[in-house]
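Have the viewer open as you read.

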Amino acid sequence: MPAIAASAPGKAILFGEHAVVYARPAIAVPVTQVQARVTVSARLRAPAGEVMLLAPEIQLESRLDALQPEHPLAIGLAGVRAALGITRFPALTIRIQSTIPVASGLGSGAAVTVALVRAVAGFLGQPLADEQVNAIAFSVEQTHHGTPSGIDNTVITYNQPVYFVRGQPIERLAVPAAFTLLIGDTGVQSPTGAVVADVRARWQAEPDRYEALFQAAGAIAQAGRYLIETGRPDSLGPLLDNNHQMLQEMGVSSPDLDRLVAAARQAGALGAKLSGGGRGGNMIALVTTAAADSVRLALTAAGAVRVVSTRVAADDRTPTV
Ligand code: PMV
């Protein structure tokens, strides 16, 4: 059997992170410039059921049965077994590679799961429907982030800009006019689960203040959707800036993120904000083609360890298998 590979993109949240956990709307877009890629091949001389996992970037080289059951790869593969109705896999080697920085708000965990599930099911000749892939990726997020909204696994599974409300059917966003984002990485890892748990504690301590912030962030996501879907993405700047201020008030920004956001604005970005869980990880800046180079240079000068440029368009979908 020939080897089978599947890839999944990273993602960036445009509006509404954290508020989305509390059922307010949010907007996220795939970032195809960074990818997780999983390759599955047969192990010809190994006994049936022996699955070898290789992920050199995280120094993982392990048999599946040696992983803890709550390991993200173990949960993802258990999900594939359940979805396919099989009790064990044939002898496989599964290679995992990713250019998505870990714990940085770009969806690295969800992308690895989506690529893993598609590659393994594809190798077995039983590709799964997007809804099944999405459900398995969500179950992994639940074990690792406590109370995820589901936005990461959704935008990554469907590889389309989405308007997302927890518990509601997925709405793909129409993007009649494409736009460009620069994504600046602080280089500081910040696990999402810890920040989400901290916001929950603050919300419990000050429910009225946090409800008002979540409500305002949700209203921004709604307004952002309107501007995007009516072909006016160049007007999104003030909404990005306002959303960043709300995230600061929620206590999830950091001096590094604020510095990159300020540098992008000063260099001519139309607007900028942190993106994802916060306290580290990445920020995004909306740029015109004319300002892109100077904003990129300013982000690097302000300490960004890397800057990724991504163009958001409705037909961004790239083949995943
Ligand atoms: O995985 P991250 O860091 O992009 O964060 C996801 C966005 C949050 O709203 C903070 C959490 C969630 O589950 O929606």
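What follows covers how some strands pair and what surrounds one lysine.

This is a predicted model, where local features need pLDDT of at least 70, side-chain atom pairs count only at pLDDT 80 or more, and totals for chains, interfaces and linings use all residues. Residues are numbered from 1 along each chain as its sequence is written, and side-chain values use heavy atoms, with hydrogens and water left out.

**Strand pairing**

Strands here are DSSP runs (E, at least two residues) numbered from the N terminus, and two of them pair if DSSP finds at least two bridges between them. Strand E2 (residues 26-42) turns up in each row below, always antiparallel.

| Partner of E2 | Bridges | Example pair |
|---|---|---|
| E1 (residues 4-15) | 11 bridges | Pro9 opposite Gln35 |
| E6 (residues 162-164) | 3 bridges | Ile27 opposite Tyr163 |
| E5 (residues 92-98) | 7 bridges | Thr39 with Arg95 |

**Around Lys273**

Now hop over to strand E9 (residues 271-275), which holds Lys273. Is Lys273 buried or exposed? Lys273 counts as buried because its relative accessibility is 0%, the cut-off for buried being under 20% relative accessible area with a 1.4 Å probe, protein chains only.

Its side chain has a polar contact of 2.8 Å with the side chain of Glu17, and it also reaches the backbone oxygen of Leu14 at 3.3 Å. A polar contact is a pair of N or O atoms within 3.5 Å; within protein, one must be able to donate a hydrogen and the other to accept it, and residues adjacent in sequence count only if both atoms are side-chain atoms.

Leaving aside neighbours within four places in sequence, Lys273 is in contact (heavy atoms within 4.5 Å) with residues including Ile13, Phe15, Leu240, His244 and Met283.

Terms used. Helix = DSSP H or I, 4+ residues; strand = E, 2+ residues; numbered from the N terminus. Buried < 20%, exposed > 50% of the residue type's maximum accessible area, 1.4 Å probe, protein only.
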